[in-house]
Amino acid sequence: MTARTGSVTLVGGGPGDPDLLTVAAVRALAAADVVLFDRLAPAAALAAMAPNARLIDVGKTPGHHPIPQHEIEQLLVSHALAGSRVVRLKGGDPFVFGRGGEEVEACRQAGVPVRIVPGVSSAIAVPAAAGIPVTHRSISRMFTVVSGHAPLSSSELAHLAGLGGTIVILMGILNLPSIATGLVGAGMDPQTPAAIVEQGWTPRQRTTFADLAGIGAQAALAGVVSPAVVVIGEVVRLARGGDDDAAAILAEAAASAASATGSAG
Ligand SMILES: C[S@@+](CC[C@H](N)C(=O)[O-])C[C@H]1O[C@@H](n2cnc3c(N)ncnc32)[C@H](O)[C@@H]1O
């Protein structure tokens, strides 16, 4: 008898609300023997969604990495080689600033079968939670997603400032003042509208608005913290009661889940 071959499935967990998992994600979790999950993945619902799995928290917080990336990759490979169906549950989409490519590479090098289940990326879904479309006919026909984890170079700022579309910044709260000042210095209109959406698609969602020149100071004043998505561009003017809308959608989903549980019981 040959031992069962294990596998790794990289699953995009969306921006935090389990209702934003894909059907493929839910199926992969239900079949998992081991789940390695991140800080921004929808961790609260995991025990119910992956009832047969050993759950391993490898979550990172900004500046504090409890399990180094190479150890996460070793864990994925060793559990799969031992025959487990491993799910690597990541926030948003695994290939958007998620180090998914490195994890795929580690699995391939070890001869472990690996597949990807894409997820709803915060780059689009978190602005949407505040009612902001990243593109809009006649207002913005492109959007650029940027990591603000490290300061942007002057040539990056110049390119971004010249594009004319929507700029979406992930991991950008610490460097926001220098990015905003740099964009104005590179020629962007200081009155370009900007928004910061914290903890999108959670009950703690909050949106802070200012113009580009003032967004750094406004963020400090409001005490904005990560995780948050920054949106810069004319589309921000389209935001309409977004936080309330997202809260209403969440409340409606919770009510219908409760009534389904009630009728099942
Ligand atoms: C390491 S990146 C991972 C991005 C992820 N792979 C994706 O596609 O959304 C983490 C950043 O995503 C953004 N983010 C993820 N989930 C978020 C949420 N629910 N609300 C606000 N920002 C979020 C924040 O900018 C955070 O610092």
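Tutor: The shell around the ligand is made up of 11 nonpolar, 7 polar and 1 charged residues. Here Ala, Val, Leu, Ile, Met, Phe, Trp, Tyr, Cys and Pro count as nonpolar, Asp, Glu, Lys and Arg as charged, and the others, Gly among them, as polar. This is a predicted model, in which local features need pLDDT of at least 70 and side-chain atom pairs count only at pLDDT 80 or more, while totals for chains, interfaces and linings use all residues. Residues are numbered from 1 along each chain as its sequence is written, and side-chain values use heavy atoms, with hydrogens and water left out.

Student: Which of the 19 residues around the ligand come nearest?

Tutor: A residue is near a molecule if one of its heavy atoms lies within 4 Å of it. Pro-15, Val-96, Ser-122, Gly-200 and Ala-228 come nearest.

Student: Which polar side-chain atom lies 2.6 Å from an oxygen atom of the ligand?

Tutor: The atom at 2.6 Å belongs to Ser-122. In the side chain of Ser-121, an N or O atom is 2.8 Å from a ligand oxygen, and for a backbone N or O atom of Ala-228 the distance to a ligand oxygen is 2.7 Å. On its own the ligand has 570 Å² of accessible area (Shrake-Rupley method, 1.4 Å probe), and the protein covers 91% of that.

Student: Which helix and which strand each supply at least two residues of the shell?

Tutor: Helices (H or I, at least four residues) and strands (E, at least two) are DSSP runs, numbered from the N terminus. The two elements are helix H5 (122-129) and strand E10 (228-232).

Student: How many of the residues of H5 are buried?

Tutor: Buried means under 20% relative accessible area, with a 1.4 Å probe and protein chains only. In H5, 6 of the 8 residues are buried, so the helix is largely enclosed by the rest of the structure. Among them are Ser-122, Ala-125 and Val-126. Just after H5, Gly-131 has a positive phi of about 80°.

Student: Is Ala-50 buried or exposed?

Tutor: Ala-50 is buried, at 2% relative accessibility. Ala-50 sits in the loop between helix H2 (46-49) and strand E3 (54-57).

Conventions:
A polar contact is a pair of N or O atoms within 3.5 Å; within protein, one must be able to donate a hydrogen and the other to accept it, and residues adjacent in sequence count only if both atoms are side-chain atoms. Buried means under 20% relative accessible area, exposed over 50%, partly exposed in between (1.4 Å probe, protein chains only).
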